[in-house]
Amino acid sequence: MGRLISIASGKGGTGKTTTTANLSIALGKLGFKVCAVDADLTMANLSLVMGIDDASVTLHDVLAGRNLIKDAIYATAFENVYLVPAAIDWEHVIRADPRKLPEATQELKGMFDFVLIDSPAGLQMDAMNAMLSGEEVLLVTNPEISCLTDTMKVGIVLKKAGLAVLGFVLNRYGASENDVPPDVAEEVMEIRLLEVIPEDPNVREATLEGIPVVEYKPKSEGAQAFMSLAEKIARIAGVKARVMG
Ligand SMILES: Nc1ncnc2c1ncn2[C@@H]1O[C@H](COP(=O)(O)OP(=O)(O)O)[C@@H](O)[C@H]1O
Ligand SMILES: [Mg+2]
């Protein structure tokens, strides 16, 4: 059985989608069969970031009860990596019932080694449904105090709800001299710091090209940090993760 990992944060724009895309491809490179799920149902952009923008069946159709999840799985251009894309038009968005997400992701669990769920930010209902459809959670934050504390709140709520908190990623580190240093961030969060991802212009350039940075510029600092994150996550056994959080 595969591992279901939600990618979550307190605020928007911290790098959840970027992390989902790069971690998926990095795990694929390590030989795991991976499915990334675009579960940010109203602000979906993982599909675009991963180069799929013309899917005929989407997660929204599945959540509207129109299609089965197996019909919404697409092979990507990246080795071992599949995607369940989202629709972006409002007609699809209003018909989709986010409460059906856990059932859909459970089905994926039997088909993949890793299922990564790109979730909306915060603790509103949509975000809760997406995050709780995972069994483990990887938190993504930026090195600013309000971002850290918001993400910490999400971590606390999800832990209470029974998810295993794998740890957090400190993304976009080094952009400002006022950045909270990694050791201080870990102290504030009281959650294990898994990886520091530097601010790297290659990450954004890659996004614009529609090819996530681990594939676009594998030697860049950003790409290497995502590869290192994937290796760490692969080493944490699913069961062991339960007692760590
Ligand atoms: N480490 C990084 N270095 C530079 N730019 C980054 C980095 N991580 C993310 N970005 C950029 O930040 C923006 C927001 O990232 P995104 O993954 O969409 O955030 P979220 O999904 O949390 O809203 C994107 O333009 C992305 O390319
Ligand atoms: Mg996003």
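The model is a predicted one, in which local features need pLDDT of at least 70 and side-chain atom pairs count only at pLDDT 80 or more, while totals for chains, interfaces and linings use all residues. I number residues from 1 along each chain as its sequence is written, and I letter chains from A and number ligands from 1 in the order in which they are written.

**Strands around S7.** I noted that strand S6 (residues 136-141) pairs with S7 in the parallel sense over 6 bridges, where two strands pair if DSSP finds at least two bridges between them. Helices (H or I, at least four residues) and strands (E, at least two) are DSSP runs, numbered from the N terminus. S7 also pairs with strand S8 (residues 193-198), again in the parallel sense, over 5 bridges, and in S8 I found Leu193 as the bridge partner of Phe168. From S7 the chain crosses through helix H8 (residues 182-189) to S8, and this β-α-β crossover is right-handed, that is, with the strands pointing away from the viewer, the path from the first strand over the helix to the second runs clockwise. S6, helix H7 (residues 145-160) and S7 likewise make a right-handed β-α-β unit.

**Burial.** I checked how covered S7 is, and 10 of its 10 residues are buried, meaning that 20 or more other C-beta atoms, placed from the backbone, lie within 10 Å of a residue's own, whereas 12 or fewer make it exposed and values in between partly exposed. For H1, 13 of its 14 residues are buried.

**Ligand 1.** I counted 17 residues around ligand 1, the closest being Gly15, Lys16, Thr17, Thr18 and Val203; a residue is near a molecule if its C-beta atom, placed from the backbone, lies within 6 Å of it. Helix H1 (16-29), strand S7 (164-173) and helix H9 (201-209) each supply at least two residues of this shell.

Just after H1, Gly31 takes a positive phi of about 100°. Asn80, in the loop between strand S3 (74-75) and strand S4 (81-84), has a positive phi near 70° without being a glycine, and it counts as buried because it has 20 C-beta neighbours inside 10 Å. Glu190, in the loop between H8 and S8, has a positive phi of about 55°, but is exposed, with 9 other C-beta atoms within 10 Å.
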